[in-house]
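Here is a short report on how two parts of a protein chain meet. Look at the structure, then read on.

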Amino acid sequence: MKQEVIARLTRTEFIGKKIIIHQNIDSTNCEAKRQASHLEEGTVIISEVQTAGRGRLGREWASPAGKGIWQTIVLKPNLSPPKVPQLTLVAAAAVYLAVEKVDPNLGKILKIKWPNDIYLREKKAGGILTEMQVSADQVRWVVVGIGLNVNLTENDFPEDLRGKATSFLLETGRSYDRNIITAEIFNAFEPLYLEFLETGELGTSLEICRQHSAVIGRKVILSHGGSEKEAQVLDLGPQGELIIRLIEGDITSVVSGEVSLKVSDHTY
Ligand code: ATP
Ligand code: BTN
(Lines give C-alpha, C1' and ligand atoms only; values in the text may rest on other atoms or scores of the structure.)
(Ligands and ions follow the chains in the order given, each with its own letter.)
Protein backbone atom coordinates (compact mmCIF):
# COMPACT_ATOMS: atom_id res chain seq x y z
CA MET A 1 0.00 0.00 0.00
CA LYS A 2 1.31 3.43 -0.91
CA GLN A 3 0.45 6.50 1.10
CA GLU A 4 1.00 8.95 -1.78
CA VAL A 5 -1.13 6.93 -4.24
CA ILE A 6 -4.01 6.68 -1.75
CA ALA A 7 -3.71 10.41 -0.96
CA ARG A 8 -3.80 11.35 -4.65
CA LEU A 9 -7.05 9.43 -5.16
CA THR A 10 -8.79 10.54 -1.96
CA ARG A 11 -11.32 13.36 -2.37
CA THR A 12 -12.59 13.64 1.21
CA GLU A 13 -12.51 16.36 3.85
CA PHE A 14 -11.50 14.18 6.78
CA ILE A 15 -11.87 10.42 6.18
CA GLY A 16 -8.45 9.06 5.23
CA LYS A 17 -6.79 12.49 5.30
CA LYS A 18 -4.34 10.99 7.76
CA ILE A 19 -3.22 7.42 7.06
CA ILE A 20 -0.81 5.38 9.15
CA ILE A 21 0.55 2.37 7.25
CA HIS A 22 2.20 -0.47 9.16
CA GLN A 23 3.99 -3.40 7.56
CA ASN A 24 3.03 -5.66 10.42
CA ILE A 25 0.69 -5.24 13.36
CA ASP A 26 -1.37 -7.48 15.64
CA SER A 27 -4.68 -6.00 14.49
CA THR A 28 -5.49 -2.60 13.00
CA ASN A 29 -8.54 -2.44 15.29
CA CYS A 30 -6.35 -3.08 18.34
CA GLU A 31 -3.83 -0.46 17.22
CA ALA A 32 -6.63 2.03 16.49
CA LYS A 33 -8.09 1.41 19.96
CA ARG A 34 -4.69 1.93 21.61
CA GLN A 35 -4.18 5.23 19.78
CA ALA A 36 -7.76 6.48 19.33
CA SER A 37 -7.85 9.02 22.16
CA HIS A 38 -5.13 11.13 20.55
CA LEU A 39 -5.97 10.58 16.88
CA GLU A 40 -8.05 12.95 14.79
CA GLU A 41 -11.42 11.83 13.46
CA GLY A 42 -11.04 10.09 10.12
CA THR A 43 -7.51 8.79 10.73
CA VAL A 44 -7.04 5.36 9.17
CA ILE A 45 -4.70 2.62 10.38
CA ILE A 46 -3.67 0.21 7.63
CA SER A 47 -1.43 -2.85 7.81
CA GLU A 48 0.01 -5.13 5.15
CA VAL A 49 -0.31 -8.10 7.51
CA GLN A 50 -2.14 -8.70 10.79
CA THR A 51 -0.79 -11.31 13.15
CA ALA A 52 -3.91 -11.32 15.33
CA GLY A 53 -6.72 -10.11 13.05
CA ARG A 54 -10.10 -10.46 14.75
CA GLY A 55 -13.71 -10.86 13.68
CA ARG A 56 -16.80 -10.51 15.79
CA LEU A 57 -17.13 -12.47 19.03
CA GLY A 58 -13.32 -12.72 19.20
CA ARG A 59 -13.06 -15.01 16.17
CA GLU A 60 -9.86 -15.08 14.15
CA TRP A 61 -9.56 -13.12 10.94
CA ALA A 62 -6.96 -14.47 8.48
CA SER A 63 -4.92 -11.50 7.21
CA PRO A 64 -1.97 -12.65 5.09
CA ALA A 65 0.65 -10.18 3.86
CA GLY A 66 0.35 -7.83 0.92
CA LYS A 67 -2.87 -9.14 -0.60
CA GLY A 68 -5.75 -7.83 1.41
CA ILE A 69 -7.08 -4.56 2.74
CA TRP A 70 -6.84 -4.63 6.52
CA GLN A 71 -7.72 -1.19 7.78
CA THR A 72 -9.49 0.67 10.59
CA ILE A 73 -11.14 4.09 10.49
CA VAL A 74 -11.14 6.09 13.73
CA LEU A 75 -14.32 8.12 14.31
CA LYS A 76 -15.46 10.50 17.04
CA PRO A 77 -19.18 10.83 16.35
CA ASN A 78 -21.70 12.57 18.50
CA LEU A 79 -23.98 9.54 18.66
CA SER A 80 -25.74 7.72 21.44
CA PRO A 81 -24.04 4.35 22.09
CA PRO A 82 -26.99 2.23 20.85
CA LYS A 83 -26.74 3.87 17.41
CA VAL A 84 -23.05 3.06 16.94
CA PRO A 85 -23.54 -0.48 15.57
CA GLN A 86 -25.40 1.10 12.63
CA LEU A 87 -22.02 2.41 11.45
CA THR A 88 -21.32 -1.17 10.35
CA LEU A 89 -24.04 -0.76 7.72
CA VAL A 90 -22.58 2.59 6.65
CA ALA A 91 -19.21 0.89 6.14
CA ALA A 92 -20.75 -2.04 4.29
CA ALA A 93 -22.53 0.37 1.94
CA ALA A 94 -19.27 2.27 1.37
CA VAL A 95 -17.51 -1.00 0.50
CA TYR A 96 -20.25 -1.79 -1.99
CA LEU A 97 -19.99 1.64 -3.68
CA ALA A 98 -16.19 1.42 -3.84
CA VAL A 99 -16.22 -2.08 -5.31
CA GLU A 100 -18.92 -1.19 -7.81
CA LYS A 101 -16.90 1.83 -8.93
CA VAL A 102 -13.69 -0.14 -9.36
CA ASP A 103 -15.37 -3.04 -11.17
CA PRO A 104 -19.12 -3.00 -11.90
CA ASN A 105 -19.05 -6.76 -12.53
CA LEU A 106 -17.71 -7.32 -9.04
CA GLY A 107 -20.43 -4.99 -7.73
CA LYS A 108 -23.04 -7.26 -9.30
CA ILE A 109 -21.93 -10.28 -7.28
CA LEU A 110 -21.29 -8.46 -3.98
CA LYS A 111 -23.75 -9.24 -1.22
CA ILE A 112 -23.98 -7.77 2.25
CA LYS A 113 -24.73 -10.45 4.81
CA TRP A 114 -26.28 -8.74 7.78
CA PRO A 115 -24.87 -7.39 9.92
CA ASN A 116 -21.21 -7.31 9.03
CA ASP A 117 -20.09 -9.69 6.29
CA ILE A 118 -19.20 -8.98 2.68
CA TYR A 119 -19.90 -11.89 0.37
CA LEU A 120 -19.05 -12.47 -3.27
CA ARG A 121 -21.62 -14.88 -4.63
CA GLU A 122 -22.02 -17.35 -1.76
CA LYS A 123 -18.63 -17.02 -0.08
CA LYS A 124 -17.21 -14.61 2.44
CA ALA A 125 -14.78 -12.05 1.02
CA GLY A 126 -14.69 -9.50 3.80
CA GLY A 127 -16.08 -8.25 7.03
CA ILE A 128 -16.52 -5.22 9.21
CA LEU A 129 -15.81 -4.98 12.93
CA THR A 130 -17.11 -1.88 14.74
CA GLU A 131 -15.99 -1.27 18.31
CA MET A 132 -16.40 1.70 20.63
CA GLN A 133 -15.34 3.26 23.88
CA VAL A 134 -18.08 4.72 26.03
CA SER A 135 -17.68 6.64 29.26
CA ALA A 136 -20.37 8.47 31.21
CA ASP A 137 -22.85 7.36 28.51
CA GLN A 138 -20.90 9.26 25.87
CA VAL A 139 -19.15 7.75 22.89
CA ARG A 140 -15.44 8.66 23.18
CA TRP A 141 -14.44 7.00 19.93
CA VAL A 142 -15.47 4.35 17.47
CA VAL A 143 -13.17 2.19 15.37
CA VAL A 144 -14.53 0.68 12.17
CA GLY A 145 -12.34 -2.17 10.96
CA ILE A 146 -12.69 -3.26 7.36
CA GLY A 147 -11.14 -6.47 6.06
CA LEU A 148 -11.31 -7.32 2.35
CA ASN A 149 -9.78 -10.35 0.65
CA VAL A 150 -8.60 -8.63 -2.49
CA ASN A 151 -5.79 -10.55 -4.20
CA LEU A 152 -5.68 -13.70 -2.07
CA THR A 153 -5.35 -17.03 -3.83
CA GLU A 154 -6.67 -20.34 -2.47
CA ASN A 155 -3.31 -21.08 -0.82
CA ASP A 156 -3.34 -17.78 1.07
CA PHE A 157 -6.29 -18.96 3.17
CA PRO A 158 -5.86 -21.27 6.15
CA GLU A 159 -7.11 -24.75 5.26
CA ASP A 160 -10.30 -24.56 7.31
CA LEU A 161 -11.47 -21.50 5.35
CA ARG A 162 -10.94 -22.92 1.88
CA GLY A 163 -14.30 -23.47 0.27
CA LYS A 164 -15.96 -20.98 2.67
CA ALA A 165 -13.90 -17.88 1.92
CA THR A 166 -13.13 -16.17 -1.36
CA SER A 167 -11.37 -13.10 -2.76
CA PHE A 168 -11.89 -10.52 -5.47
CA LEU A 169 -9.18 -12.29 -7.49
CA LEU A 170 -10.68 -15.76 -7.03
CA GLU A 171 -14.10 -14.57 -8.22
CA THR A 172 -12.99 -12.60 -11.26
CA GLY A 173 -9.55 -13.91 -12.24
CA ARG A 174 -8.05 -10.44 -12.09
CA SER A 175 -6.05 -8.64 -9.46
CA TYR A 176 -6.94 -5.23 -8.10
CA ASP A 177 -4.99 -2.19 -6.95
CA ARG A 178 -5.61 -2.07 -3.20
CA ASN A 179 -4.72 1.64 -3.09
CA ILE A 180 -7.56 2.53 -5.46
CA ILE A 181 -10.12 0.46 -3.55
CA THR A 182 -8.95 1.99 -0.27
CA ALA A 183 -9.30 5.56 -1.56
CA GLU A 184 -12.73 4.78 -3.03
CA ILE A 185 -13.88 3.40 0.32
CA PHE A 186 -12.92 6.71 1.94
CA ASN A 187 -14.66 8.67 -0.84
CA ALA A 188 -17.84 6.64 -0.41
CA PHE A 189 -17.79 6.42 3.38
CA GLU A 190 -17.56 10.15 4.12
CA PRO A 191 -20.88 11.31 2.58
CA LEU A 192 -22.74 8.26 3.91
CA TYR A 193 -21.32 8.89 7.40
CA LEU A 194 -22.25 12.59 7.26
CA GLU A 195 -25.77 11.73 6.08
CA PHE A 196 -26.16 9.39 9.04
CA LEU A 197 -24.85 11.96 11.55
CA GLU A 198 -26.84 14.85 10.10
CA THR A 199 -30.19 13.12 9.68
CA GLY A 200 -29.91 10.44 12.36
CA GLU A 201 -31.06 7.98 9.69
CA LEU A 202 -29.18 5.42 7.65
CA GLY A 203 -30.82 6.71 4.45
CA THR A 204 -28.70 5.83 1.42
CA SER A 205 -26.66 3.29 3.41
CA LEU A 206 -29.81 1.39 4.32
CA GLU A 207 -31.03 1.38 0.72
CA ILE A 208 -27.70 -0.05 -0.45
CA CYS A 209 -27.67 -2.71 2.29
CA ARG A 210 -31.22 -3.66 1.36
CA GLN A 211 -30.61 -3.78 -2.37
CA HIS A 212 -27.53 -5.93 -2.03
CA SER A 213 -28.63 -8.01 0.92
CA ALA A 214 -27.54 -11.63 1.07
CA VAL A 215 -30.35 -12.47 3.48
CA ILE A 216 -33.59 -10.67 2.60
CA GLY A 217 -36.11 -13.27 1.44
CA ARG A 218 -34.03 -16.16 2.72
CA LYS A 219 -34.40 -18.68 5.50
CA VAL A 220 -31.82 -18.27 8.24
CA ILE A 221 -30.81 -19.71 11.57
CA LEU A 222 -30.15 -17.08 14.22
CA SER A 223 -27.86 -18.10 17.07
CA HIS A 224 -27.62 -16.20 20.28
CA GLY A 225 -25.89 -17.42 23.41
CA GLY A 226 -26.26 -21.09 22.52
CA SER A 227 -29.90 -21.00 21.40
CA GLU A 228 -30.95 -21.23 17.77
CA LYS A 229 -34.06 -19.95 15.99
CA GLU A 230 -35.19 -20.53 12.46
CA ALA A 231 -36.72 -17.60 10.60
CA GLN A 232 -37.42 -16.03 7.26
CA VAL A 233 -35.82 -12.62 6.69
CA LEU A 234 -38.39 -10.07 5.53
CA ASP A 235 -36.43 -6.81 5.45
CA LEU A 236 -34.05 -4.46 7.19
CA GLY A 237 -35.72 -1.94 9.49
CA PRO A 238 -34.91 1.79 9.69
CA GLN A 239 -32.29 1.27 12.39
CA GLY A 240 -30.59 -1.47 10.40
CA GLU A 241 -32.29 -4.18 12.44
CA LEU A 242 -33.30 -7.45 10.85
CA ILE A 243 -37.03 -7.95 10.42
CA ILE A 244 -37.89 -11.63 10.52
CA ARG A 245 -40.81 -14.01 10.55
CA LEU A 246 -40.23 -16.78 13.05
CA ILE A 247 -41.13 -20.30 12.07
CA GLU A 248 -44.22 -20.09 14.35
CA GLY A 249 -45.37 -17.09 12.30
CA ASP A 250 -44.60 -14.13 14.61
CA ILE A 251 -42.96 -11.12 13.02
CA THR A 252 -40.23 -9.59 15.12
CA SER A 253 -36.92 -7.80 14.76
CA VAL A 254 -33.38 -8.43 15.94
CA VAL A 255 -30.51 -6.03 16.48
CA SER A 256 -27.01 -7.16 15.64
CA GLY A 257 -25.39 -7.41 19.09
CA GLU A 258 -24.16 -10.91 19.64
CA VAL A 259 -26.40 -12.58 17.08
CA SER A 260 -24.86 -14.83 14.44
CA LEU A 261 -26.76 -15.77 11.35
CA LYS A 262 -26.49 -18.71 8.97
CA VAL A 263 -28.40 -18.87 5.72
CA SER A 264 -30.19 -22.23 5.77
CA ASP A 265 -31.77 -22.40 2.31
CA HIS A 266 -28.56 -22.84 0.33
CA THR A 267 -29.05 -24.61 -2.90
CA TYR A 268 -25.37 -25.35 -3.48
P1 ATP B 1 -19.87 -16.06 9.68
O2 ATP B 1 -19.77 -16.94 10.87
O3 ATP B 1 -21.13 -16.20 8.90
O4 ATP B 1 -18.65 -16.07 8.80
P5 ATP B 1 -19.75 -13.99 11.56
O6 ATP B 1 -19.87 -12.52 11.39
O7 ATP B 1 -20.65 -14.59 12.58
O8 ATP B 1 -19.98 -14.59 10.16
P9 ATP B 1 -17.25 -13.49 12.52
O10 ATP B 1 -17.56 -13.37 13.95
O11 ATP B 1 -17.26 -12.29 11.66
O12 ATP B 1 -18.27 -14.44 11.82
O13 ATP B 1 -15.85 -14.20 12.48
C14 ATP B 1 -15.07 -14.24 11.40
C15 ATP B 1 -15.18 -15.60 10.77
O16 ATP B 1 -14.84 -15.42 9.41
C17 ATP B 1 -14.19 -16.64 11.28
O18 ATP B 1 -14.76 -17.46 12.24
C19 ATP B 1 -13.80 -17.42 10.03
O20 ATP B 1 -14.71 -18.47 9.83
C21 ATP B 1 -14.04 -16.46 8.91
N22 ATP B 1 -12.80 -15.83 8.38
C23 ATP B 1 -11.66 -15.54 9.01
N24 ATP B 1 -10.78 -14.93 8.20
C25 ATP B 1 -11.41 -14.81 7.02
C26 ATP B 1 -11.04 -14.24 5.79
N27 ATP B 1 -9.86 -13.64 5.58
N28 ATP B 1 -11.95 -14.30 4.80
C29 ATP B 1 -13.15 -14.88 4.96
N30 ATP B 1 -13.55 -15.44 6.10
C31 ATP B 1 -12.70 -15.39 7.13
C1 BTN C 1 -15.96 -10.24 10.67
O2 BTN C 1 -16.39 -10.71 9.62
O3 BTN C 1 -16.13 -10.74 11.76
C4 BTN C 1 -15.24 -8.95 10.64
C5 BTN C 1 -13.84 -9.09 10.20
C6 BTN C 1 -13.12 -7.76 10.32
C7 BTN C 1 -11.71 -7.86 9.89
C8 BTN C 1 -11.05 -6.52 9.89
S9 BTN C 1 -9.45 -6.54 9.15
C10 BTN C 1 -9.12 -4.94 9.76
C11 BTN C 1 -9.66 -4.91 11.18
N12 BTN C 1 -8.71 -5.46 12.12
C13 BTN C 1 -9.16 -6.56 12.70
O14 BTN C 1 -8.52 -7.24 13.54
N15 BTN C 1 -10.38 -6.86 12.25
C16 BTN C 1 -10.83 -5.90 11.27
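Where the two domains meet, 15 residues of domain 1 are in contact with 17 residues of domain 2; contact means heavy atoms within 4.5 Å. This is a predicted model, where local features need pLDDT of at least 70 and side-chain atom pairs pLDDT 80 or more, while totals for chains, interfaces and linings use all residues. Residues are numbered from 1 along each chain as written, chains are lettered from A and ligands numbered from 1 in written order, and side-chain values use heavy atoms, without hydrogens and water.

Domain 1 covers 3-211 and domain 2 covers 219-267. These bounds come from an automatic or database domain assignment. The C-alpha centres of the two domains lie 24 Å apart.

One salt bridge links domain 1 and domain 2. In the salt bridge of Asp235 and Arg210, N to O is 2.9 Å; the term needs a side-chain nitrogen of Lys or Arg within 4 Å of a carboxyl oxygen of Asp or Glu. On the domain 1 side, helix H7 (residues 204-211) gives the most, three residues. Helices (H or I, at least four residues) and strands (E, at least two) are DSSP runs, numbered from the N terminus.

Now to strand pairing. Two strands pair if DSSP finds at least two bridges between them.

| Strand pair | Direction | Bridges |
|---|---|---|
| E8 (residues 219-224) and E9 (residues 227-236) | antiparallel | six |
| E8 and E12 (residues 260-263) | antiparallel | four |

Val220 has Ala231 as its bridge partner in E9 and Val263 in E12. In the hairpin of E8 and E9, two residues lie between the strands, and Gly225 takes a positive phi near 50°.
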